[in-house]
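The sequence and the structure come first.

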Amino acid sequence: MDTILVRGGRRLHGKVSISGAKNAALPIMAASLLSDGEVVLSNIPDLDDVSTMCDVLEALGVRVRRAGSRLLFRADNLEENEAPYPLIRKMRASFLVAGPLLARLGAVRIPLPGGCAIGLRPIDLHLKGFMAMGAEIRQDGGVIEAVAPRGLHGARVYLDVPSVGATENILMASCFASGETIIENAAREPEVVDLANFLVRMGADIRGAGTSAIRVTGVSRLSGVAYEIIPDRIEAGTYMIACAIAGGDVFIRNAVPEHIRAIAAKLAEVGVRVIEADGGVRVIADKRPAPTDITTTAYPGFPTDLQPQMMALLSVAAGTSVITETVFEGRFMHVAELKRMGARIRTENQTAIIEGVGELSGARVRVPDLRAGAALVLAGLRAEGETEISDVHHIDRGYESIEAKLRAIGADIERVSDGVSVSRIAQVL
Ligand code: EPZ
């Protein structure tokens, strides 16, 4: 099992390039199931979750090929409508194949995705949408079976919460439905818009993506297409906060300014300068951050996926901050680990009160989930001494070469695999 060692105290300088968005790539890869031609995706990040989605699609009969930094998919002879249990358990985003399979084959058998470190993560809204469009849903032994023998029909679906996954699954299911589907209180995330843009490029009739009301008129088929995934706003925000916590002057190449407005605004509140430039954003941090309060909400609010990273930053702020997590009920797994590094945090239900300290101290910590892992790396950049981070496989699910990207802008960080420093080998080769 790999560990990451971080020795704090280095300011960051230079340029870091943002990879393609994990949370756009995963639904768009699932949507390739709807195409009767070849789909060529570029700017796909090299992540464990992307590999897992490739495995799921191949298990369903999709031919997947890598060509450099592109992925090619052919779904013209699907053999299977049952997604394999081990892969669904490994990554809940695999559930995003349900909508396309139901639309394409009229039936899908898929294991209920489990909860994870950040919450129960139900799928009731996904199923509500499928049923509204005429699917019959049965559940036996932890497997969901959805069938629509007469095909799906358009429907008006109200989402009780603006669920990203439910919006995406219902959007994909509605592409071939007879008539019009309206998704109300739809998620507005840029990744939903990227999926809709991809589907439209394949020939889908979709209007209103990015607003809370998306309208889809079913079509008979969707063709192959070449498409480039948007940059990852959560990765961009993570490196912006890395500069804020370590201090320095970093240019985040490929960051899309309109996708990171909430994080830019919060960093400005704590005294960090964020300057939009062509092709990205420049972040300058030269003093101890001031405290601030944060409430996570659906886009365009402050993203829950940057809440742990901001908590790390606010742990060294010159005052007390309050973070309220309204999206997931269990997304404070990083608190205990940050406290091992000297942070002063107490939680009450969905609220964390962070009393800023002058310094954090390096410690041995374990990664409980993907974004908590990023937060621990960032805390290590600031902590005195060495932080040894284990269970880094969680981080590899969502960050491409995090230690290489941070080392390239001056961080003292390395990955150790079976006792051997992988990073040093990479430098020598
Ligand atoms: C997506 O997860 C992202 N994952 C998450 O990123 C992100 O945190 C989340 O959206 C919120 O922005 C991918 O896109 C692959 P939701 P998703 O459905 O779709 C409740 C990361 O770190 N809900 O928007 O699973 C749910 O319990 C990951 O990259 C229902 O009640 O999130 C939660 O409280 C973590 N019923 C809220 O909605 C449902 O049927 C938001 O969940 C579905 C969701």
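## The ligand and its shell

A polar side-chain atom of Asn 23 lies 3.0 Å from an oxygen atom of the ligand, a polar contact being a pair of N or O atoms within 3.5 Å, where within protein one atom must be able to donate a hydrogen and the other to accept it, and residues adjacent in sequence count only if both atoms are side-chain atoms. An N or O atom in the side chain of Arg 121 is 3.1 Å from an oxygen atom of the ligand, while for Gly 165 a backbone N or O atom lies 2.8 Å from a ligand oxygen atom. Taken alone the ligand exposes 820 Å², of which the protein buries 85%; these areas come from the Shrake-Rupley method with a 1.4 Å probe, and for residues only the protein chains shown count as cover.

There are 22 residues around the ligand, and Asp 124, Leu 125, Ser 163, Asp 305 and Val 327 come nearest, where a residue is near if one of its heavy atoms lies within 4 Å. The shell divides into ten nonpolar, five polar and seven charged residues, with Ala, Val, Leu, Ile, Met, Phe, Trp, Tyr, Cys and Pro counted as nonpolar, Asp, Glu, Lys and Arg as charged, and the others, Gly among them, as polar. Helix H5 (124-132) gives the most to this shell, with three residues.

## Basis of the model

The model is predicted, and local features need pLDDT of at least 70, side-chain atom pairs count only at pLDDT 80 or more, and totals for chains, interfaces and linings use all residues. Residues are numbered from 1 along each chain as its sequence is written, and side-chain values use heavy atoms, with hydrogens and water left out.

## Helix H6

Helix H6 (residues 164-173) is largely enclosed by the rest of the structure, because eight of its ten residues are buried; helices (H or I, at least four residues) and strands (E, at least two) are DSSP runs, numbered from the N terminus. Buried means under 20% relative accessible area, exposed over 50%, and partly exposed in between (1.4 Å probe, protein chains only). The buried residues of H6 include Glu 168 and Asn 169 as well as Ile 170, Leu 171 and Met 172. At the start of H6, a side-chain oxygen of Ser 163 comes within 2.9 Å of the backbone nitrogen of Ala 166.

Ser 94, in the loop between helix H3 (85-90) and helix H4 (98-105), is buried, with a relative accessible area of 0%. The side chain of Ser 94 reaches the backbone oxygen of Met 91 at 2.6 Å, and a polar atom of that side chain lies 3.4 Å from the backbone oxygen of Leu 87.

## Glu 348

Glu 348 lies in strand E19 (residues 344-348) and is partly exposed, with a relative accessible area of 46%. The side chain of Glu 348 makes a polar contact with the side chain of Arg 346 (2.6 Å).
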